[in-house]
Amino acid sequence: MTKSILTLILFISSLHINAQIQSVKIVAAGLTCSMCSKAIYKSLTNISNVKNVESDIENSAYIVTFKDTTMVNPDALKSAVTDAGFSVASMKINAIFHNKKISNDSHLLYEGLNLHFINVKEQILNGNIAITITDKDFIDKKSYKKNAAFTKSKCYKTGEKADCCKIENGISNRVYHITLD
Amino acid sequence: MKSKLFCLLFIIGMNGFITESKAQELFVFSEPASNMPAKSIGLRMSHWENYDSNMRQTLPEFMISFSKNLMLHVEGNFGNRFGTYQLNGGLLYAKYKFLNNDQVKSHFRMATFLKVSQNRGDINQEELSITNRNSGVEIGIIATKLLHKTALSGSVSISQLFHNQVYFDRPIGYTSKALNYSLSYGRLILPKKYKNYKQINMNLMFEMMGQQTLNGKSYLDIGPSVQFIFNSQTRVDIGYKKQIQNNMTRYAPNALMIRIEHLLFNVL
């Protein structure tokens, strides 16, 4: 009986560890008031896959968790912010990695998302790491231009899979460009 | 001359304030360049009490936001100008935001707007009032700057009046074209620090609204106001509009205004 309970606890724990995308942290731009902040909060909670939104009104920040971590859609999160009338200043995906080797211009299929790493050193990702989406409208214009210098890939401008992308399709042809802070 | 001097002092004063104070842009007597959240509906009721002419007006307003850039207001105008309280006219207001430059805790936005009104009242003033007393159109542009918690907004528009409904023609000598302008400043007073959406917000606003007609007539009003926001969703405005310069006939230049507005998010 005790063995069965232990096995069950270990099974539940392993499920938690394998839940790779833990949360997404969004910082919004263009607002200071709580009415504006609530507009974004309501817009984010309206996304069907969103489980919970924790808001920090003072810093215009939102931590979003998901019902299904394999169906996280950063574009939908961005649209929720822009539909509320504001912009995304930064979007960080807080995720668990297991020995994933990356380098500048390397690709990774991760939880259904096509990731293309930009402006990163060759390294192995292990553990809980916050990765930053550096696509247009996910980051300020200055940082977007700065990161553009690290790739010649066409997909950086379009966000769509192109000849430069040697990865399997994720949920769609959408390619998210990622950097590490 | 007096009005120009006042404008200059106002701008200088605002430049001083903007670096150190906190505010909002949900102005009471004018609209900012920002829109409501997309797919939302706003319900607004404004009541005006004029003490010069014992006039009262109540304006129910339905606001709908089709997208992040385009919104529409439909407004009814009820008042006691014919003795009993009745519908005097209506207004359509459309606003399109065409410039959006957001940064953390600041933005600069620009929008264009169009007002179309129909009014069935008699014409007994030279003032051109698309919102309250005349049939006509008004087209304009708004620019709004939010810097931390301070907001400053300006608008310029042109009005073209038509004859009011049925038998009230615009009298000879009353021009039907005018340039309108506004300058608005807002400052957040409370809360000092945001903790949750249930905190009551208090904003102080100061606005200037002016008109210049083609035949040299003009007026300038000031509008101080206080605004409370409850549950980050319902706002109550109390403002007083006071004429400070004028050389045209105006029926109700000074008035107290009370407004309640509620926003319904993501209902479309």
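A:Ile102 is found in strand β4 of chain A, where helices (H or I, at least four residues) and strands (E, at least two) are DSSP runs numbered from the N terminus. The model is a predicted one, in which local features need pLDDT of at least 70, side-chain atom pairs count only at pLDDT 80 or more, and totals for chains, interfaces and linings use all residues. Residues are numbered from 1 along each chain as its sequence is written, while chains are lettered from A and ligands numbered from 1 in the order in which they are written.

A:Ile102 counts as buried because it has 21 C-beta neighbours inside 10 Å. A residue is buried if 20 or more other C-beta atoms lie within 10 Å of its own, exposed if 12 or fewer, and partly exposed in between, with C-beta atoms placed from the backbone. Leaving aside neighbours within four places in sequence, A:Ile102 is in contact with A:Leu108, A:Phe117, A:Val120, A:Gln123 and A:Leu125; contact means that the C-beta atoms of two residues, placed from the backbone, lie within 7 Å. Between A:Ile102 and A:Ser90, twelve residues apart along the chain, the C-alpha atoms are separated by 22 Å.

Chain A as a whole has five helices and eight strands. Of its 181 residues, 37% count as buried.

Helix α3 (residues 74-83) has A:Leu77, A:Ala80, A:Val81, A:Thr82 and A:Asp83 as its buried residues. These pack against β1 (21-29), α2 (34-45), β3 (61-66) and β4 (87-102) of chain A. After α3(A) comes A:Gly85, whose phi is positive, near 105°.

Turning to the partner chain, 22 residues of chain A are in contact with 25 residues of chain B. On the side of chain A that touches chain B, β1, α2, α3 and β4 each supply at least two residues, and α2(A) gives the most, with six.
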